[in-house]
Amino acid sequence: MCQRFAGRVALVTGGSRGIGRVTALALGREGAAVVVNYHRQAEAAQEVVREIEAAGARARAVQADVTDREAVGRMVAATLEAYGQIDILVNNAGISRDMLMLQLEEPDWRAVIETNLNAAFLCAKAVLRPMLKQRYGRIVNVSSLAGLSGNVGQANYVAAKAGLIGFTKAMAREVATRGITVNAVAPAFCDTDLIEQMPRRYREWALAIIPMKRFARPEEVAAPILFLASEEASYVNGHALVVDGGMVCP
């Protein structure tokens, strides 16, 4: 079995479900010690930990609201206490509260911006000092195709995901000389529980315009994340990798 991440420590936010869960499992299978962050789904996070341990890797679940600076600080401190280092951060935690602009209220705007954009800033800032000290790090931000192309009824989500791409490019320039890369993946529709919340007519519309006529599997998004987190991507920096089945060519 490939052990690309043997000796590495990875922190995956929102690691109890969806893309985060599959990414955490894949990192563990390839030898990383994995910290599975969760907010409310403790049992789901523990199940991810059990699966990683069954594959022979180390893992632990850490509860933290990633929109809370102090909680993020405690999560990073717990990771350093347990493993002594942080090599990989996957900023995956995210929510959606979709509605047209006329119905979009400020609390829903703020909630999505806080979780999908500000939390990435808080987590990246928290891991930056240990990464700078060890002169090595990989930060991968999970953005969205919507952040590049826009989407009706998702002004809050699109703004956050577009901001995440800009944040990725800016941070990449700041830390490149210290052995740290910062990249993003921008998936289109992925077959997770968020897809199940979409109205049927919207799912049908999306399938009609995707050339491959299906949604991505979470594993098909996790694989590019692992690539960007690996040594193989050591000269890829400030990039947003689109994973959309040919839906859009930005």
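These legends walk through several close-up views of a predicted model.

Residues are numbered from 1 along each chain as its sequence is written, and side-chain values rest on heavy atoms, with hydrogens and water left out. Local features need pLDDT of at least 70 and side-chain atom pairs count only at pLDDT 80 or more, while totals for chains, interfaces and linings use all residues.

**View 1. R4 pairs with both E30 and E232.** A salt bridge here is a side-chain nitrogen of Lys or Arg within 4 Å of a carboxyl oxygen of Asp or Glu. E30 meets R4 with their closest N and O atoms 2.6 Å apart. E30 sits in the loop between α1 (18–29) and β2 (33–38), and R4 in the segment before β1 (9–12), 26 residues apart. Helices (H or I, at least four residues) and strands (E, at least two) are DSSP runs, numbered from the N terminus. R4 also bridges to E232 at 2.8 Å, N to O. That pair is 228 residues apart, with E232 in the loop between α9 (218–229) and β7. E30 counts as buried because its relative accessibility is 15%; R4, at 30%, is partly exposed, and E232, at 53%, is exposed. For these words, buried means under 20% relative accessible area, exposed over 50%, and partly exposed in between (1.4 Å probe, protein chains only).

**View 2. R21 and E51 link two helices.** Their closest N and O atoms are 2.7 Å apart in a salt bridge. R21 belongs to α1 and E51 to α2 (residues 42–54), 30 residues apart. R21 is partly exposed at 26% relative accessibility, and so is E51 at 31%.

**View 3. D244 is buried without a salt bridge.** D244 lies in the segment after β7 (240–243). The nearest side chain of opposite charge, R214, is 11 Å away; Lys and Arg count as positive and Asp and Glu as negative, while His and the chain ends are not counted. The D244 side chain does reach the backbone nitrogen of G246, at 2.9 Å. Leaving out residues up to four places away in sequence, D244 touches L145, A188 and I210, where contact means heavy atoms within 4.5 Å.

**View 4. Y202 sits in helix α8 (residues 200–209).** Because its relative accessibility is 22%, Y202 counts as partly exposed. Neighbours within four places in sequence aside, Y202 is in contact with N151 and F189. Y202 and L102 are 100 residues apart in sequence and 19 Å apart in space, C-alpha to C-alpha.

Note on methods
Polar contact = N/O pair within 3.5 Å; in protein donor to acceptor, adjacent residues only side chain to side chain.
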